[in-house]
Amino acid sequence: MDLHQLKYVIEIANMHSISRAAENLFISQSTLSQFLTKLEGELGVSLFERKRNDMILTPAGKEYVEVCKRMLREKNELYNRLSDMAQSKTGSFSVGITPQWGSVAFSHIVGDFYEAYPNVQVAVTEEIAVPLIRLLKEGKIDMGIIPLADNSSLPPDSILLQAEELLLACPKSRAASLPFVYTKEKLPSIDVADLKDEPMIFSQNKTTIRQVEDRCFAARNVTPKIVAEINSHPASLIMVEQEIGSTFVPYSCMTPSDKVVYAHTIPIAQWFVVIAFRKGFTPRQSEQYFISLARKFFEQQRAEDM
């Protein structure tokens with residue numbers, strides 16, 4: 001069996017179905033079914049337990065699929081290493097980012113990367129933090145730039161890039177009625193307890209920023225007055241300009257506007273940005289450069305904050 005056919009078994013395991021796997025692999029269902037029957041006959045064991053509308057890996061199947069995944073990873077890593085040795089600067093790797101904020105961070109990194117490695121393909125997957133961590137554990141992406149609500153349980157094989165502050169963005173028209181404290185700092189500050197009656201635009205449930213928002217208000221025993229839930233930072237800032245309410249935005253997404261007042265909150269709202277890797281990942285030359293660009297981007301942000 002050639003390495004390409006290893007993907008057949010993996011796809012059946014992922015889809016729990018020969019028909020759906022065949023569709024994703026762009027082959028006929030009968031071809032895939034005949035392949036699996038022949039393979040199980042050669043091995044002398046069943047790889048899948050057939051149930052109604054479901055195919056579940058047997059213990060032998062789990063071991064077989066794990067080895068298949070490892071063989072494909074080793075093949076990709078070998079090709080990447082040979083590519084580096086030839087100095088051809090070709091190959092590919094995959095990166096997971098979160099929508100909106102992650103796209104902003106990625107856009108600041110990828111330009112310099114493609115200037116150095118124009119022939120290396122970077123496959124991008126956009127998801128919120130929890131699914132990205134799952135994809136890393138399953139080995140479906142090579143690395144992910146992920147914001148976490150706390151730094152007490154960083155994923156294994158990860159590097160902390162930055163503890164980034166989330167700023168309050170408030171309509172300027174309402175700023176005068178709120179007790180902002182102005183000091184020598186660039187931005188004023190406000191206690192979250194003073195926002196109990198302020199209409200708030202929050203991110204949706206299960207996102208990292210929503211966890212931070214909820215914890216910030218809970219720390220002051222305040223129930224936020226949520227008037228809208230949206231995951232887009234640009235869209236939420238437009239809603240702030242339209243005086244619909246206030247919101248939280250990462251420092252890196254702060255957009256100057258004469259209709260918005262930005263402020264630090266008490267207690268401070270922040271998340272922790274990491275770059276995490278799948279198990280067994282050994283970065284080659286191009287990937288090491290991408291990682292260095294990510295670290296440089298967040299180091300520059302920290303310098304600007306000081």
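**A guided tour**

Visitor: What relative accessible area makes Glu-243 partly exposed?
Guide: Buried means under 20% relative accessible area, exposed means over 50%, and partly exposed is in between, using a 1.4 Å probe and protein chains only. Glu-243 counts as partly exposed because its relative accessible area is 44%.

Visitor: Before we go on, what kind of model is this?
Guide: Residues are numbered from 1 along each chain as its sequence is written, and side-chain values use heavy atoms, leaving out hydrogens and water. Local features need pLDDT of at least 70, side-chain atom pairs count only at pLDDT 80 or more, and totals for chains, interfaces and linings use all residues, as this is a predicted model.

Visitor: Which loop holds Glu-243, and what is its phi?
Guide: Helices (H or I, at least four residues) and strands (E, at least two) are DSSP runs, numbered from the N terminus. By that count, Glu-243 sits in the loop between H9 and S10. Most residues other than glycine have a negative phi. Glu-243 is not a glycine, yet its phi is positive, at about 65°.

Visitor: Where does Asn-221 lie, and is it buried or exposed?
Guide: Asn-221 is in the loop between helix H8 (208-218) and strand S9 (225-229). Its phi is positive too, at about 55°, although it is not a glycine. With a relative accessibility of 74%, Asn-221 counts as exposed.

Visitor: Which peptide bond is cis, with omega near 0°?
Guide: Most peptide bonds are trans. The bond in question runs from Ile-266 to Pro-267.

Visitor: What is the volume of the largest cavity?
Guide: On a 1 Å grid over the protein atoms alone, a cavity is a set of points where a 1.4 Å probe fits but cannot get out, and lining residues have an atom within 4 Å of a point. Points are joined across faces, edges and corners, and a volume is the space filled by probe spheres set on them. Strand S8 (199-202), helix H9 (233-241) and strand S10 (246-250) each give at least two residues to the lining. The largest cavity has a volume of about 40 Å³.

Visitor: Which helix gives the most residues to the lining of the largest pocket?
Guide: A pocket is an open set of grid points with protein on both sides within 12 Å along at least five of seven lines. The largest pocket holds about 840 Å³, and its lining has 32 residues, with Leu-72, Arg-73, Asn-76, Gly-139 and Asp-142 nearest the centre. Contributors of at least two residues include H1, strand S3 (90-97) and helix H10 (285-305). With nine residues, the top contributor is H4.

Visitor: How far apart in space are Glu-66 and Ile-10?
Guide: Glu-66 belongs to helix H4 and, at 40% relative accessibility, counts as partly exposed. Although 56 residues separate Glu-66 from Ile-10 in sequence, their C-alpha to C-alpha distance is 8.7 Å.

Visitor: Which residues does Ser-17 contact, leaving aside neighbours within four places in sequence?
Guide: Ser-17 lies in the loop between helix H1 (3-15) and helix H2 (18-25), and it counts as buried because its relative accessibility is 9%. Contact means heavy atoms within 4.5 Å. Those neighbours aside, Ser-17 is in contact with Ile-12 and Met-55.
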